[in-house]
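Hi everyone, thanks for coming. Let me put the model on the screen, and then we can walk through a few places together.

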Amino acid sequence: MTTEKTYKVPTMADMMASGEEPEILFWVGCAGSFDDRYKRVTIAFVRILNHVGIKFAVLGPEEACTGDPARRAGNEFLFQMQAMSNIQVLNGYNVKKIVTACPHCFNTLKNEYPELGGTYEVIHHSQFLQGLINEGRVKVKDGQPFKGRRITFHDSCYLGRANNVYEAPREVLAALDADLVEMKRVRANGLCCGAGGGQYFKEPEPGKKDVNVERVEEALSTGADTIAVACPFCMTMMSDGVKNKNREDSVRVFDISELIAQGQGL
Amino acid sequence: MEIIQQVVFVAVLAATVWYIAKRVRLITRAINLGRPENRSDHPDERLKTMLLVAFGQKKMFTNLLVGVMHFVIYAGFLIVNIEVLEIILDGVLGTHRLFAPYITPIYPILIDVFELLAVGVLTVCVIFLCRRFIAKVPRFQQERHREMTRWPRTDAAIILTAEILLMIAFLTWNASDSVLRDRGVGHYAELKGIVPDFLISQFLKPLFSGFNDTGLMVYERTAWWFHILGILSFAVYVTYSKHLHIALGFPNVYFSDLQPKGEMQNMPEITKEVQLALGLPVTTEVGGSQTNDNGEQPPAEIGRFGAKDVQDLKWINLMNAYSCTECGRCTSACPANITGKKLSPRKIMMDTRDRLEEIQQGWKANGYDYKDDKSLLNDYITAEELNACTTCQACVNACPININPLDIILQLRRYRVMEESDAPASWNAMFSNIENNMAPWKFSPSDRFNWADQVNE
């Protein structure tokens with residue numbers, strides 16, 4: 001890592017205190033804040049934001065769960081309590097544009113907050129990164145370090161089917177000059193990792209197999225050495241699946257922003 | 001003789017129309033058990049969706065071969081039934097091929113097209129029977145899917161066989177009719193020189209070479225009656241069958257969801273409670289100005305949260321259930337079902353319709369006010385099924401006519417959690433974490449921003 005460079009993570013409160021407004025709010029999400037593995041994704045994305053010089057801010061300790069898992073599990077009261085409180089905070093800071101690395105936060109903020117009084121332009125970090133690449137603000141150094149690697153992308157339901165974002169993460173990966181291989185069930189037919197709808201927070205119902213194992217078997221059958229994801233829950237489920245298959249030595253799971261950060265040497 | 005045929009025909013036709021009207025009223029009443037919801041917004045977008053997905057069968061072409069085969073049955077059956085118009089008029093007026101003298105140049109072309117399509121329908125129906133019962137396509141097998149009990153499998157076999165028989169009747173009727181015309185028997189001679197042989201049935205004429213004139217007339221009349229009675233019976237049967245999709249598929253797609261698949265429907269009655277709890281100004285008008293199909297205001301009182309029974313679901317959910325043809329594409333795409341869990345989106349739809357049928361039986365026996373003590377939740381759909389859903393929307397995406405099983409699952413979940421407080425223990429833990437720690441895990445909210453310390457490591 002570059003030691004001479006200092007990455008900054010300004011909060012909305014800091015910005016407001018100094019009378020500034022960020023271009024974009026980075027909604028970190030609970031997994032991005034607390035999950036050790038996904039914190040590395042948050043950090044990778046923040047480094048990219050710093051690197052390209054985007055004026056961004058986070059809510060920091062003022063951020064709270066969007067309420068997505070509660071809503072999907074059936075607890076509408078809790079969801080709306082969370083949503084209303086978050087909307088008060090977001091509107092209080094006059095937030096206009098939000099980027100997030102979590103498809104569940106993305107879907108909830110984008111599609112479900114407007115009816116409760118929170119209307120923002122919400123984009124997923126795959127779309128944001130795609131924009132940076134298209135504008136030439138992010139360039140992956142020639143062939144390094146991805147030349148000859150095989151990457152397969154796992155569609156997350158709340159990015160893909162839920163919001164029809166299929167191309168952005170693929171275009172981001174295409175910039176890596178790696179060998180992109182597709183699984184059999186992709187895009188609109190993509191198979192869930194097994195985490196959505198509150199499944200992540202409980203044991204699965206009895207069955208023949210865990211959903212993440214089914215999906216990882218499909219990913220491994222492509223011969224990929226890297227499984228790229230764009231969702232914190234997919235990240236855990238796919239990583240666990242790879243471990244279940246005893247392939248953690250040869251197959252790695254990365255978020256697309258981590259791969260871009262690696263390509264930038266960040 | 002002629003007049004007896006006419007009288008019988010008119011009587012049968014009237015009885016069929018009366019009975020179907022009765023069935024339509026009953027099914028409409030059942031669908032209207034659901035909660036009102038305005039689905040007449042965005043008519044342009046809805047019309048476009050209906051043209052693409054219902055008329056154009058867009059989603060059926062996900063599997064190209066099956067899509068083409070289904071299209072042959074769909075187009076074939078639809079167009080062949082134009083001929084039914086002539087058959088019905090012939091039956092009522094006691095005429096024979098009424099249109100032929102009036103549209104002489106195009107009449108044989110029309111019948112040729114109908115015959116070609118009839119062969120198409122017949123062929124595809126045979127292939128579909130083979131797929132179900134010989135090739136044993138997994139989504140139709142009871143060993144793999146417990147909802148595929150005897151009745152759904154029989155229903156499919158009846159439909160496909162009936163279509164095959166109807167097409168055979170149509171083709172052999174044309175053939176026997178052609179032979180009678182050739183021989184110049186009775187009134188059949190009137191169309192001699194006006195109506196030629198037809199594209200397909202001309203090759204079936206040798207079948208009838210051994211028939212004497214009387215035998216041939218008997219066959220011609222039998223085939224004609226079998227064909228039209230078959231179609232009328234089919235129309236009645238369809239109202240009891242999964243095959244109702246041939247009618248309801250169109251409105252079902254028209255009224256289907258327009259919002260992104262990931263968007264869960266808001267509960268305005270809860271918004272009000274939450275606004276009061278947080279000391280915010282109340283912005284939502286519960287019940288609002290929404291009216292149901294009959295233009296009636298919904299009851300002002302708040303019902304239960306979520307759905308326990310079909311009455312708590314929306315009318316579109318119930319129309320979905322009546323439109324479902326049990327093809328199982330949803331279930332084949334469901335990650336929970338693929339990995340052996342009990343959840344099957346198709347079963348959710350079949351259970352919803354079965355529950356509605358059960359309520360109708362209650363109405364028939366005890367009047368429309370009758371209420372039994374059963375419910376969709378628990379008596380039909382279990383918590384184990386509901387809890388297994390990942391809300392991945394693969395079922396919603398897979399349905400060729402935009403049925404949404406997920407919407408029903410989520411409404412039932414809402415009832416279980418908010419009315420019965422019967423969530424799995426680990427979900428309750430997740431709820432309390434969100435409530436107390438602002439995250440689904442037990443971390444201190446004040447540690448939320450600690451990750452930033454590692455940015456420069």
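Let's start in chain A, where strand E3 (residues 97–100) and E4(A) pair in the parallel sense over four bridges. Strands here are DSSP runs of E with at least two residues, helices are runs of H or I with at least four, and both are numbered from the N terminus; two strands pair if DSSP finds at least two bridges between them. Across that pairing, Lys97(A) stands opposite Glu121(A) in E4(A).

A quick word on the source: this is a predicted model, where local features need pLDDT of at least 70, side-chain atom pairs count only at pLDDT 80 or more, and totals for chains, interfaces and linings use all residues. Residues are numbered from 1 along each chain as its sequence is written, while chains are lettered from A and ligands numbered from 1 in the order in which they are written.

Back to the sheet: it is open, with four strands in the order E2-E1-E3-E4 (chain A) and parallel pairing. Strand E2 (56–57) and strand E4 (121–124) of chain A are at the edges with a single partner strand each, so one side of each has no neighbour in the sheet.

Now chain B, and two non-glycine residues with positive phi. Asn402(B) has a phi of about 55° and sits in the loop between helix H16 (394–398) and helix H17 (405–419). Ser421(B), with phi near 45°, is in the loop between H17 and helix H18 (425–437) of chain B.

Which of these is buried, and which exposed? Asn402(B) is buried, with 22 other C-beta atoms within 10 Å, whereas Ser421(B) is exposed, with 9. The cut-offs are 20 or more for buried, 12 or fewer for exposed and partly exposed in between, counting other C-beta atoms within 10 Å of the residue's own, all placed from the backbone.
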